[in-house]
Amino acid sequence: MSVETAELLQGTLDMLILRALSLGPLHGYGIIQRIDQLSGGLLAVEQGALYPGLYRIEQRGWVKSRWGVTETGRRAKFYTNTRAGTKQLAIEEDSWDRLVLAIARVREAT
Amino acid sequence: MSGWHWLRALMARLRALLGREAILRDIDEELESHLDLATEANIARGMPPAAARLAAVKSFGRRVRVQDQAYDVRGGGWLETIWQDLRQGGRMLRRNPGFAAVALLTLTVGIGATTAIFSVVNAVLLRPLPYPEADRLVVLKTTQRTTGAIFDSAMPDYRAWRDQTTAFEGLGAYYYRDMNLVGAGAYPERLQGARVSANLFSVLGVAPALGRGLRPEDEQFGRHQVVLLSHGLWQQRFSADPSIVGRTINLGGERHVVVGVMPAGMAFFSNQPPVQLWTPSAFAPDDAMNSRSNHYVRLVGRLRPGVTLARAQAQVDLVASRLEQQYEENKGLGGAAVALGHRAGGGRAPDAAGAGGGSGVSADGGLRECGQPAASAGSRPRARAGGARQPGRRARADRAAVAPRELAAGAAGRRGRAAAGLGPHGGAGRSAPLVPAAPQ
C-alpha cells in the first residue's frame, strides 16, 4: 500500500476486528476491507496476520464463525461478534480512549 | 472467565490433537478463500486475472508462516509437542531396553519408598484417632432436661441402653481410675488406668498387639482380675518381654493376670490422660457403681452401618423414658448421642442445649475429652481399686466419689448442689452421686 499508512500498534488488532464486526458478520477479507474503509485507508493490516489474531479471539469466545457463501457465490468463513465480544470491545475501546487521553495530556503539557 | 477461557483452549487443543488434519484443511481453505476474494476484488478494479491473483498473494504476506501461527493458535501447540516428545521417548526406550529397565526400576523403587514413607507418616502423624470408621462412633451422655446439664452415666442406665437399643453394633463403657503397680521391678508406681467394658475395644475397633482382648466373662465379678498393658508401659516396666502375657502383676494388692498388650500409638480418645492399664469393669452386687445415682461411666457406641444418629437418639430417648417411669432416680434424665467426629463448637447435644446455663456439650468435647473436660483433667475420682469391696473402706470410696470441685465447676447454679453432694435430682442415694459437669 502507500507510504502514508500507519503502523498497527501491538494489541490493537483485537479491538479493530471487534469494531469491524460490530456492524455485522464479515469474512476475513471483508474485515480487512472494513478496517481499511473505516480508517480512510490510513491503517494497513497485513492481510495474513489477521488470521492468527482472528483465531485467537475466536478461542476466547469473543467471535464465532461459520462457513457460508458470499454475494458472488464464493465459499467463505463468516465471523460474528458474540455477547462477550461486544463486552470486550467496550472494555478495549475504553482503555484505548484513556491511553489516547493520557498521551495527549502528556504531549500538551510539554 | 479466565478458567473458562483456559478450559476452552484446552478443549480446542485436544480437538486439534484428534483432528489435526481437519484443522489444517480448515485453515488452508479459509486462506485460499481469502485469496480468491482478494483476487476477485482486484479483477473488479480492472486488473487482468493473473496480475490480480499475484497482487492478492503479495499483499497477503508469507502464507506458510501465517499457516503455522494460525495452527499454533487453533490447536497443536504445546499439547502436540508433548505428544511428540512422548512418542519420541517411547521409541528411545524401545531401542535401549537396558536403559528402559534401569529407568523403570528407579521409578519403581522411588515411588515405592515414597509411598511407604507416606504410609508411616500418615499412620503416625496425620491420624490422631486411628479408629476404623470413626464416623460411626458416638458418645452417649446422660442429660438433665430441666437444666440442660450433662453427666456421665450410671452403670444400670448403661446396661439398659446397651441391651434395649438396636441402633448400636456395640455400646461400650469406661472410666478412668488410678492403679498402683506393686512388685514388678524395683519400685511401686501409680499408673493411669481405665476400667472398661469387655466390648469397648471391639466397639472402637482396636485389637491388642499381643495376647487377647477382654471377654464377656472378664466382666463377671470374681473372674475380673485380668489386665491389658499399654505398649509404653510394657516397654518401660516389662522390657517389652513377650512372655508377659499370662504372668501375674500386683495392682494395689490384687493380683491380675496380664492377658494382652495394646498396640503402640493406641490413642485412648485424646490420650488425656494417657492410659497405661486397662482392667475390665466388674462390680460386686453391692458395689456403689451399681447405684442408679452414681453417674460415673463414659459411654461410646458404634452405630450399625446405615443407622443414623437421629435413629440412635430416638432409641436412646425411648429407653430413657422407660427408665424414668420405672425409677425415681431417673426422673428428669435423658440421653444425648453425639457423633464423635463432630468438630469443636459445631454441634450441641440434642436436648442439652436448652435452659440452665446453656451448657450444650460441644461434640468435640465428647470426643477429645470423652467426658473428661479440659477443666476436669487431673480431677479423676480417687476411688481406690478394690476399696469398694471392703466395708471399712467403702465410706472413703464414697466420699471420694463425690464430684470433685473441678468436675462440678459447670453452670453456676449447679455448683452449689454438686458441692453439697446432691445428684441431678437433689436426692442423695445410698452412695453419694457423682455430678460431673458438662464441658464448658
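**Figure 1. Chain B comprises 14 helices and twelve strands.** Helices (H or I, at least four residues) and strands (E, at least two) are DSSP runs numbered from the N terminus. The model is predicted: local features need pLDDT of at least 70, side-chain atom pairs count only at pLDDT 80 or more, and totals for chains, interfaces and linings use all residues. Residues are numbered from 1 along each chain as its sequence is written, chains are lettered from A and ligands numbered from 1 in the order in which they are written, and side-chain values use heavy atoms, without hydrogens and water. Of the 440 residues in chain B, 46% are buried (under 20% relative accessible area; exposed is over 50% and partly exposed in between; 1.4 Å probe, protein chains only).

**Figure 2. A salt bridge links B:Arg53 and B:Asp36.** The N to O distance is 3.4 Å, the criterion being a side-chain nitrogen of Lys or Arg within 4 Å of a carboxyl oxygen of Asp or Glu. B:Arg53 belongs to helix H3 (residues 49–60) and B:Asp36 to helix H2 (residues 20–44) of chain B, so the pair ties together parts 17 residues apart in sequence. B:Arg53 is partly exposed at 30% relative accessible area, as is B:Asp36 at 26%.

**Figure 3. B:Lys141 pairs with B:Asp152 in a salt bridge.** Their closest N and O atoms lie 2.9 Å apart. B:Lys141 is in strand S1 (residues 137–144) of chain B, and B:Asp152 is in the loop between strand S2 (150–151) and strand S3 (153–154), so parts eleven residues apart in sequence are tied together. Both B:Lys141 and B:Asp152 are buried.
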